Amino acid sequence: MLDQFLKKLKMLNISKSSRILLALSGGIDSMVLMHLLKKGGFDFSIAHCNFCLRGKESDADQNFVEQISVSAKNDVFIKRFQTKKYAKENKISIQMAARKLRYDWFQMIKEKYSFNYIMTAHHSDDSIETFLINLMRGTGVSGLHGIKEINADIIRPLLHFNKKDVLQYAQDHNIGYREDSSNIDDKYVRNKIRN
């Protein structure tokens, strides 16, 4: 997986001198991406969002990422969001609120600290789920795509790998991670599709 990952970054013209802001939730996908970046010798800092939606579990995720960043010697940015309040004030879903808050904050950090790219750990299964959600919502032709590999300065280098690849890599390299309990809650459309 590492060789394919490095080839992908080369194709995307991302060099070891590029400054990368890695979105790190502490989940298996982002922890695998962090491991790949480390193994590849890339310069990156970590950004972690605490959406304050799962109480002590959210705080434990934050603590995990803080500890990982210290042991890995990476700079880390942490932000706590009042996601429910923001969603209510803007009359949008919790998921939409979290997405807006997260990407706005990532962009602010990128501009303030002169990062070249924001990197997220979406893989091919995520892209398929997005396509199916768009299809179910009756999107037009322009919406009939999954997640884009490159969207301006946001890069998703794991899109050519599936969840099985990610799980196998984590197992092979004994990578620790946090499991988000909300991923099994079928009240969210994405989880209904995934589960």
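Visitor: Where is the place of Asp61?

Guide: Look in helix H3, residues 56–72. Helices here are DSSP runs of H or I with at least four residues, and strands are E runs of at least two, numbered from the N terminus. By the way, this is a predicted model, where local features need pLDDT of at least 70, side-chain atom pairs count only at pLDDT 80 or more, and totals for chains, interfaces and linings use all residues. Residues are numbered from 1 along each chain as its sequence is written, while side-chain values use heavy atoms, with hydrogens and water left out.

Visitor: Why does Asp61 count as buried?

Guide: Its relative accessibility is 6%. Buried means under 20% relative accessible area, exposed means over 50%, and partly exposed lies in between (1.4 Å probe, protein chains only). So Asp61 goes in the buried group.

Visitor: What joins the side chains of Asp61 and Arg54?

Guide: A polar contact of 2.6 Å. The term asks for a pair of N or O atoms within 3.5 Å; within protein, one must be able to donate a hydrogen and the other to accept it, and residues adjacent in sequence count only if both atoms are side-chain atoms. Setting aside neighbours within four places in sequence, Asp61 is in contact (heavy atoms within 4.5 Å) with Ser25, His48, Arg54 and Arg178.

Visitor: Why does Leu6 count as partly exposed?

Guide: Leu6 sits in helix H1, residues 2–11. Its relative accessibility is 28%, so it counts as partly exposed. Not counting residues up to four places away in sequence, Leu6 touches Gly40 and Phe42. Leu6 and Gly40 are 34 residues apart in sequence, yet 6.9 Å apart in space, C-alpha to C-alpha.

Visitor: And what makes Leu2 partly exposed?

Guide: Leu2, also in H1, has 23% relative accessibility, so it counts as partly exposed. Leaving out residues up to four places away in sequence, Leu2 touches Leu36, Lys39 and Gly40. From Leu2 to His35 it's 33 residues in sequence and 9.4 Å in space, C-alpha to C-alpha.

Visitor: At what angle do H4 and H5 pack?

Guide: Helix H4 (residues 83–90) and helix H5 (residues 94–113) pack at about 105 degrees, with axes 9 Å apart. That makes H4 roughly perpendicular to H5, a label for 65 to 115 degrees; under 35 is roughly parallel, over 145 roughly antiparallel, and the rest oblique.

Visitor: Which residues in H4 and H5 meet?

Guide: Thr83, Lys84, Tyr86 and Ala87 in H4 meet Ile94, Ala97, Ala98, Lys100 and Leu101 in H5.

Technical notes:
Axes fitted to C-alpha atoms, helices over the stretch in contact; angles between N-to-C directions.
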